[in-house]
There are 2 protein chains.
Amino acid sequence: MKKIEVVQNVLEANETIASRNRQLLDKHNVFVVNIMSAPGAGKTSLVLQTLRRLRDKLNIAVIEGDVASAVDAEKVQNEAKAVVQINTRNMPESCSLMAIMIESALKDMPLDNLDLILIENLGNLICPAEFALGEHKRVVIASLPEGDDKPIKYPLIFVDADAVIINKMDLVSHVDFDIAAFRRSVAGLNPKAEVFEVSCKTGEGIEEWCSWILGQAKATATKQ
Amino acid sequence: MKKIEVVQNVLEANETIASRNRQLLDKHNVFVVNIMSAPGAGKTSLVLQTLRRLRDKLNIAVIEGDVASAVDAEKVQNEAKAVVQINTRNMPESCSLMAIMIESALKDMPLDNLDLILIENLGNLICPAEFALGEHKRVVIASLPEGDDKPIKYPLIFVDADAVIINKMDLVSHVDFDIAAFRRSVAGLNPKAEVFEVSCKTGEGIEEWCSWILGQAKATATKQ
């Protein structure tokens with residue numbers, strides 16, 4: 001089974017580089033969050049809301065991952081201390097950010113002057129589950145219009161999440177989404193995951209999410 | 001660059017099997033549509049609407065691709081002549097259906113008694129763009145809540161599409177989505193793509209979509 005061996009080697013190499021990234025980040029006391037979701041679930045909107053709420057309390061940088069374009073990086077560049085855009089278009093089979101891309105991005109970032117890096121992964125519920133980046137926390141956004149069955153259909157990304165955000169709560173009366181059923185599916189896969197109900201459009205629930213991030217960042221800094 | 005060679009080999013092997021699938025389908029006069037989208041954009045709903053409108057005119061089977069679960073196959077099993085579920089969970093790095101999975105599924109299908117197979121690919125805008133399955137037509141669904149920038153951020157899947165469906169038109173007054181801008185982006189990448197505005201919830205636009213599918217199926221059958 002040659003193909004599986006190759007994939008295994010890629011994943012092992014990725015883990016090694018992810019550990020190295022984590023050591024570098026811990027040395028500089030920088031807390032890193034890997035934000036994952038399907039396309040259009042609200043990663044950029046969550047990054048923007050988080051920047052606006054927390055930029056007076058923390059020095060925040062953003063790493064924007066996209067297959068193509070810099071539209072997300074342009075949206076956040078006025079709000080963050082530093083923004084690095086990663087385009088994966090010319091990397092065959094890159095359906096996730098990988099640790100080696102983050103290693104390269106970190107070289108361009110003023111780590112001594114940062115407290116928090118938000119990484120916006122590619123819009124994909126499959127591949128990012130398999131590639132550690134060196135992050136401290138993994139966050140998955142699900143949005144109401146996608147339907148409540150995503151944890152059943154894409155379980156791995158939910159199994160390893162530290163937090164799950166239900167976004168687009170402003171559409172709750174316009175779509176069929178059973179919040180209790182969704183929460184039960186997440187709890188069944190991952191009882192420790194924090195679940196937040198938010199609307200990046202109206203700001204609903206953003207304060208609770210930002211309090212959690214702030215608490216996690218402080219707890220990580222204290223431990224070191 | 002060993003990794004790239006390996007990926008190249010996988011893609012080449014996939015193309016060979018896809019051509020073989022296509023020959024088999026043409027021999028049996030079965031028209032096949034590969035339906036792709038982000039998670040939750042409405043692939044299963046489109047399959048259901050298409051089955052309900054066209055099952056009196058065509059003998060239709062469905063191949064359901066999912067990372068895990070059979071929830072979609074269960075939804076369509078009463079409406080189709082045959083349903084095959086493919087779960088990719090235990091195949092490392094399977095972020096798309098691949099031609100070899102379709103080859104295996106076709107062995108279980110009554111090809112002599114079928115006119116149309118609808119393939120529901122995995123919910124992903126990246127990998128499925130690269131893997132031909134042997135299909136006659138490729139369809140991408142984008143849904144309004146995802147935002148109008150998806151062709152800019154995930155161009156490849158739009159470049160090769162024969163049709164692009166804008167779904168969830170019932171939410172048009174509740175979300176920010178510039179339909180003209182989206183259409184311009186698609187036309188810039190792929191001027192030949194047909195674009196349909198539909199709501200799988202209300203049925204809006206489904207008739208035009210089904211007329212197109214019916215016309216394409218007949219045109220393909222006539223040519224052989």
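Student: Are A:Phe158 and A:Phe182 buried or exposed?

Tutor: Buried means under 20% relative accessible area, exposed over 50%, partly exposed in between (1.4 Å probe, protein chains only). Here, both A:Phe158 and A:Phe182 are buried. Keep in mind that this is a predicted model, where local features need pLDDT of at least 70, side-chain atom pairs count only at pLDDT 80 or more, and totals for chains, interfaces and linings use all residues. Side-chain values use heavy atoms, with hydrogens and water left out, residues are numbered from 1 along each chain as written, and chains are lettered from A and ligands numbered from 1 in written order.

Student: How many aromatic pairs turn up over all chains?

Tutor: Rings of Phe, Tyr and Trp (its six-membered ring) pair if their centres lie within 6.5 Å; planes under 30 degrees apart are stacked, over 60 edge-to-face, the rest tilted. The whole structure has 10 such pairs over all chains. In one of them, A:Phe158 and A:Phe182 have ring centres 6.2 Å apart and planes at 80 degrees, so they sit edge-to-face. Ring pairs also join A:Phe158, A:Phe177 and A:Phe182 into a cluster.

Student: Why is the pair A:Trp209 and A:Trp212 called stacked?

Tutor: Their ring centres are 5.9 Å apart and their planes meet at 25 degrees, so the pair counts as stacked. A:Trp209 is buried, and A:Trp212 is too.

Student: What superposes chain A on chain B?

Tutor: Two copies of a chain are related by a rotation about an axis and a shift along it. Superposing uses least squares on C-alpha atoms of residues with pLDDT of at least 70 in both copies. Here, a rotation of 180 degrees with 0.0 Å of shift along its axis does it (RMSD 0.0 Å). That's the relation of a two-fold axis.
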